[in-house]
Amino acid sequence: MTTTHKRFCQAVVERCGENFQRCLHCLSCASGCPVIGAMTYRPNGVIRLVQYGLAQEVLESPDIWICVGCNTCAIACPMAIDIPALMDTLREIAVENQANINETGILNFHKEVLDSIQRYGRTHKLEIMLRYKVRQRDLFSDMDLGLKMMAKRKLDLLPSRIADTQSVANLFKEFNR
Amino acid sequence: MSAMRPDLQDISYFPGCSLATSAKENNQSLKEVCAHIGFRLVDLDDWNCCGSSSAHSVNAELAFHLACRNLSLAPPGRPLLVACPSCSTRLRMAQHHLHASDAAQEAYRRRWGRAADPDLKIVHFFELIQNEGRNGTQRANALHGIKFAPYYGCMLAQPPALRHERNYHGLMEKMLGTFGAQAITWGYQARCCGTFLSVARPDVVTPMIDTIMQGAIDAGAECLVTACAMCHLNLEIRCDLKTRLPTFHFSELLAIAYRAPIQKGWFAKHLVDPVPLLKTRGLVT
């Protein structure tokens with residue numbers, strides 16, 4: 001392993017505050033993960049890539065975006081490693097380093113949710129969905145579902161917004177990278 | 001209605017975006033049940049989104065501060081009820097970080113103009129309801145033997161940092177069981193619903209939901225019961241099976257059990273109509 005490889009691993013450990021060097025690679029995480037079918041390396045594989053310092057492989061993997069943070073792996077882990085926290089950190093690093101992100105749809109969804117919070121202080125689901133669909137250039141999938149949800153009044157036309165939008169806007173100004 | 005009763009204890013309430021908009025039936029039935037057991041829910045004044053999955057997924061600092069703004073709005077001396085399991089985890093994680101870090105407390109004090117309340121107790125609905133098991137007011141056969149699959153999704157799986165907090169495994173079975181509902185035993189009660197992947201990767205979520213629904217059908221359930229609005233939505237919108245069981249919010253069945261005021265509008269908002277089952281079981285007219 002080169003120094004660059006070691007440095008990447010150390011940087012991830014420090015930033016995430018989670019010592020995943022404890023990982024035994026026992027695969028307990030893998031056996032409970034509900035989304036493992038859509039992953040390439042599986043949760044312990046992601047840890048292995050970081051340990052080997054293979055930054056590009058891990059930052060461009062679909063795995064870090066597919067993980068929904070349900071914590072099933074974390075409670076199964078005999079070493080109590082907070083694997084979803086590691087995934088959070090890796091996503092941040094991937095975005096900051098403008099890695100070639102594999103699951104752009106998931107990232108775009110997160111961006112639309114955050115934009116909505118920035119605008120209103122709360123999430124406006126209808127607008128998030130519409131803007132997401134436009135961004136993805138995929139206007140027609142789920143359209144019947146959307147109409148059904150509108151008919152059931154599960155999607156409000158107008159956003160629910162907070163009064164003090166300024167304090168939330170300030171947070172975005174300061175911390176949105 | 002609960003607003004008229006002077007004997008209720010006020011507690012602060014964080015509904016979260018889902019209960020405030022797409023799952024209003026969950027919000028309303030929860031308020032009715034809380035009034036029945038002696039609590040009036042006072043919405044946190046000007047609460048904001050907890051940050052949802054998206055903030056902590058790509059920006060930990062932003063997620064922390066969005067959660068903290070809500071904590072800073074909570075008046076002292078009252079517990080804060082958080083209805084959504086995900087919002088609850090976000091707010092608890094922020095509080096955990098505040099307890100663990102002097103720097104975080106200092107940042108909080110500077111930003112929100114007051115110190116973080118060390119005594120603020122964040123409670124989930126399960127914690128309010130747990131002592132109501134046998135208070136003498138309920139009717140042993142109020143739910144007419146309805147057979148339900150208790151579905152917790154990921155809400156029982158806390159991050160390792162919160163592992164010493166109490167876990168409420170089995171509470172829905174116990175509570176609804178005391179009212180004469182029958183919980184079935186099955187394998188998917190703690191299987192994740194796929195949450196936000198439902199938007200960008202429905203191809204991943206649909207098989208997950210189908211497995212859960214088929215598991216409930218195979219085990220002989222007539223319906224599923226969940227305490228999470230996100231799980232409820234995914235169970236309703238991402239199931240591809242021909243037979244789809246209705247899914248109730250835990251609070252809806254409790255409202256029926258307590259004979260709290262029921263609104264027909266609650267069930268009209270479900271995408272899989274639960275009314276035929278309620279009629280078969282003689283629970284609505």
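**Chains A and B: a working chat**

Q: What share of the residues in chain B is buried?
A: Of the 285 residues in chain B, 52% are buried. A residue counts as buried if 20 or more other C-beta atoms lie within 10 Å of its own, as exposed if 12 or fewer do, and as partly exposed in between, with C-beta atoms placed from the backbone. The model is predicted: local features need pLDDT of at least 70 and side-chain atom pairs count only at pLDDT 80 or more, while totals for chains, interfaces and linings use all residues. Residues are numbered from 1 along each chain as its sequence is written, and chains are lettered from A and ligands numbered from 1 in the order in which they are written.

Q: How many helices and strands are there in chain B?
A: Chain B has 14 helices and eight strands. Helices (H or I, at least four residues) and strands (E, at least two) are DSSP runs, numbered from the N terminus.

Q: And what are the spans of chain B along its principal axes?
A: The C-alpha trace of chain B spans about 60 × 50 × 30 Å along those axes. Its radius of gyration is 19 Å, which agrees with the value near 19 Å for a compact globule of 285 residues. That radius is taken over C-alpha atoms, and the globule rule is 2.2 Å times the number of residues to the power 0.38.

Q: Which residues have the most contacts inside the largest nonpolar core?
A: They are F14(B), A67(B), V82(B), F148(B), L224(B), V225(B) and L253(B), in a core of 130 residues. Such a core is a set of buried Ala, Val, Leu, Ile, Met, Phe, Trp, Tyr and Cys residues joined through C-beta atoms within 7 Å.

Q: Which helix of chain B gives the most to this core?
A: Helix α4 (residues 60-73) of chain B does, with eight residues.

Q: What is V82(B) in contact with, leaving aside neighbours within four places in sequence?
A: V82(B) is in contact with F14(B), C87(B), S88(B), L91(B), I122(B) and H124(B). Two residues are in contact if their C-beta atoms, placed from the backbone, lie within 7 Å.

Q: New topic: what is the order of the strands in the open sheet of chain B?
A: The four strands follow the order β6-β5-β7-β8, with parallel pairing. Strands β6 and β8 (247-249) are the edges, each pairing on one side only. Two strands pair if DSSP finds at least two bridges between them.

Q: How many bridges join β5(B) to β6?
A: Two bridges join β5(B) to β6 (residues 182-183) of chain B. F148(B) stands opposite A183(B), and K147(B) stands opposite Q182(B). Strand β5 (residues 147-151) is mostly covered, with four of its five residues buried.

Q: Is C223(B), in β7, buried or exposed?
A: C223(B) is buried, with 21 other C-beta atoms within 10 Å. Strand β7 covers residues 223-226. Not counting residues up to four places away in sequence, C223(B) touches F148(B) and P274(B), among others. The C-alpha atoms of C223(B) and P274(B) are separated by 8.2 Å, although these residues are 51 apart along the chain.

Q: How many residues does the contact take from chain A and from chain B?
A: The contact takes 47 residues from chain A and 41 residues from chain B. On the side of chain A that touches chain B, α8(A) gives the most, with seven residues. That side of chain A divides into 24 nonpolar, ten polar and 13 charged residues. Here Ala, Val, Leu, Ile, Met, Phe, Trp, Tyr, Cys and Pro count as nonpolar, Asp, Glu, Lys and Arg as charged, and the others, Gly among them, as polar.

Q: Why is α7(A) described as largely enclosed by the rest of the structure?
A: Eleven of the 14 residues of α7(A) are buried, so this helix is largely enclosed. Those buried include I83(A), L86(A) and L90(A). At 1.5 Å a residue, α7(A) should span 20 Å, and its end C-alpha atoms are 20 Å apart, which agrees. The expected span of a helix is 1.5 Å times one less than its number of residues.

Q: Where does A80(A) lie?
A: A80(A) lies in the loop between α6 and α7 of chain A. With 12 C-beta neighbours inside 10 Å, A80(A) counts as exposed. Its phi is near 50°, a positive value in a residue other than glycine. Most residues other than glycine have a negative phi.

Q: And what is the phi of R137(A)?
A: R137(A) has a positive phi of about 55° although it is not a glycine. R137(A) is placed in the loop between α9 and α10 of chain A, and it is exposed, with 6 other C-beta atoms within 10 Å.
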